[in-house]
Amino acid sequence: MPHSATKTLPHPLLAAQLAQHPVWQQLSAKHLHSLETQFSIQAAPSGTVLAAQGQLGSQLALVLHGEVQLDDPDLGLSVRLGAGQMLGYGATPARQLSTWQATAHTDCELAWLAPQLLQALCAKQPALLYFFASVTPISTQPGTPDTSGDAATALHLLSTPIRTLVKRAPITLPPSTPIQATAQLMRELRVSSVLLMQDNAIFGLVTDRDLRNKVVADALDVTQPVASIASCTLLTVQANSPAFEALLLMARHHIHHLPVLDGEHLVGMITTTNLTEQHSASPVYLASDIYKQTTLDGLQALSGRVKQLQQQLAAADASAYSSGHIITAITDALTVRLIQLAEQQLGPAPVGYLWVAAGSQARNEQTAKSDQDNCLILDDSYDEAAHGTYFKAFSKLVCDGLDACGYIHCPGEMMAMTDTWRQPRKVWAEYFRKWIEQPKPKALMLTCVFFDLRGIYGKTELLESLRRDVLVHTKGNSLFLAHMVGNALKHRPPLGLFGAITLLKGGDHPNTIDLKHSAIVPIVDLARTYALAAGVSQANTHDRLEVSANAGQVSEQSARDLRDALEFLSKLRIAHQARQTAQGQEPDNFLALDELSNFERSQLKDAFGVVQTLQGVLNSRYSGGRF
């Protein structure tokens, strides 16, 4: 829903319209009264964009008063809706949801209903499916995950290269082309955008919105060069990147056109129209909704859906690798939006910076149970006296916001709001130099956190240059790597002397296995050591194992065994947490063996055995380097 003022209290017009509407008349008075409270009311002045291209399917809307204009800019089609008519999810044909947009033709008010609420309602009242034929009702049984296909679609996007979505060769023009000639070509080819190219490089982008808002609305001379109305700062995507990446990029930046490159070569353009099917994926909707929020309360409400998302992924039998990337993408979206809100409140940052995720977020390995690990790399022009107050307040707003959204403050205070972890690049370079040259116990612990880093928002070159310098000093550094191995061996799989699984004794979780620290962390530590020895920059554990094998730091077979063990153990954790969420419990990492079949217990022992063996191999390799 757009950013216009909204309210959730019952609206007098809503009650009357629901009672008289031929669709909603199918419900009893009791159900109608309950339904009223589930709509959100939006007051929109004339000209407000209610749903841009690709967003019409994110909600069902009922026009309370005024008029709404539906347009397909690509085909030049339009429809006018008045009071009592519906649009959006379930009411608009699915094939039109990505190509049409909605605008307030007059001052109007609308009532919006989330797709999940409509799906649940149709499950309870099947007669409504006659009117909402495209709706797939979700199960209404308590604790049952939504298996309507959104998670499966999102998974498909992780394996679908963007190049497969490009339907035609790029349409390009020189920047000197007159505006009128550009518009005529766009009409002839029935496209909503055209790229401007100069010297075989992208100069800019012109869309139908540019023609409407910058030319027609301002009565601009159409003989002028089209470069005068072009957007010249463009985001692009690589052809071999997953389609999910393009969707999240569009959601984050509220854009509808992305040039596709193969290296430096222009391949084509993708738009929201190309992604019709993909926009039905609930993780994309969730990320898009996050970027629309204007308050912490709004973000807090949406963050609660991460647990449901994990249930959906578990029900779709998603790989742990895919689930980690999808769930982490939502954390990234929440982080970015909190940063944007902090900048709106405090003003623009006085010097360049990069907000950096550490730990599982950096590795794209998050689950519904995660705390926060992050830091801030500041430009070397940073001056504590002049800029310190701003960044202290800024980082606290973001970290406290993440805490409010369920990502609790790091117990070890490894967060950007801690002064130590909010420093200029040159200070970070000195941190890493000392950790590598003087690998004491605390330094090794910090190394395990801060060698897993990924830029989230800001000047990415601050981390890229730092990472290059660090890897030069770790590659082949036997003494440092030996200490890393010794530190990694503190986390061992819970296998007894004769191969029996050892359970926790006493404490808050007796007779369980700690899937995080005793099962997954040992593999993460092995992969990190391999990667540092090879001097490779990947942060994701699965990817580290693959590139480290290619670099000769671990055999292909051992790397494959570790990847399989990681996938199995991570899926156990995801399924365990999904079951806890379904039962109304807070998810954790402690698995009881009675949750597993005999076959799964056998696989668990095998996975632990693989880790134990390769820990021994690595220990033997570097044992001579420690003293």
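I started at asparagine 364, which sits in the loop between helix H12 (359-362) and strand E17 (374-378). Helices (H or I, at least four residues) and strands (E, at least two) are DSSP runs here, numbered from the N terminus. This is a predicted model, where local features need pLDDT of at least 70 and side-chain atom pairs count only at pLDDT 80 or more, while totals for chains, interfaces and linings use all residues. Residues are numbered from 1 along each chain as its sequence is written, and side-chain values use heavy atoms, with hydrogens and water left out.

**Backbone at the asparagines**

Asparagine 364 is not a glycine, yet I found its phi to be positive, at about 60°. Most residues other than glycine have a negative phi. Is asparagine 364 buried or exposed? Its relative accessible area is 16%, so I filed asparagine 364 as buried; that word means under 20%, with exposed over 50% and partly exposed in between (1.4 Å probe, protein chains only).

Asparagine 511 also went on my list, with a positive phi of about 60°. I located asparagine 511 in the loop between helix H17 (478-488) and strand E20 (513-514). At 46% relative accessible area, asparagine 511 counts as partly exposed.

**Overall numbers**

I noted 21 helices and 21 strands for the protein. The C-alpha trace spans about 80 × 65 × 50 Å along its principal axes. For 627 residues a compact globule would have a radius of gyration near 25 Å, and the 27 Å of the protein agrees with that. (That radius is taken over C-alpha atoms, and the globule rule is 2.2 Å times the number of residues to the power 0.38.) Buried residues come to 52% of the 627. I also looked up contacts (heavy atoms within 4.5 Å): of those between residues at least 6 apart in sequence, 71% join residues at least 24 apart.

**Cores**

Which residues have the most contacts inside the largest nonpolar core? They are Phe394, Trp428, Phe450 and Leu604, in a core of 109 residues. By a nonpolar core I mean a set of buried Ala, Val, Leu, Ile, Met, Phe, Trp, Tyr and Cys residues joined through side-chain atoms within 4.5 Å. Helix H11 (residues 320-346) gives the most to this core, with 11 residues. There is a second, separate core of 22 residues, with Leu14, Leu32, Leu60 and Ala111 among them.

I then followed phenylalanine 450. Beyond its neighbours within four places in sequence, phenylalanine 450 is in contact with Cys375, Met414, Trp421, Trp428, Phe432 and Trp435. Phe450 is also one of the buried residues of H15, which include Leu444, Leu446 and Val449. Seven of the 10 residues of helix H15 (residues 441-450) are buried, so I marked the helix as largely enclosed by the rest of the structure.

Aspartate 208 belongs to helix H6 (residues 208-216) and is buried, with a relative accessible area of 12%. Not counting residues up to four places away in sequence, aspartate 208 touches Pro73, Met186 and Ser192.

Alanine 239 lies in the loop between strand E13 (237-238) and helix H7 (243-253). I read 0% relative accessible area for alanine 239, so it is buried. Leaving out residues up to four places away in sequence, alanine 239 touches Pro161, Ile162, Arg163, Val260, Leu261, Asp262 and Val267.
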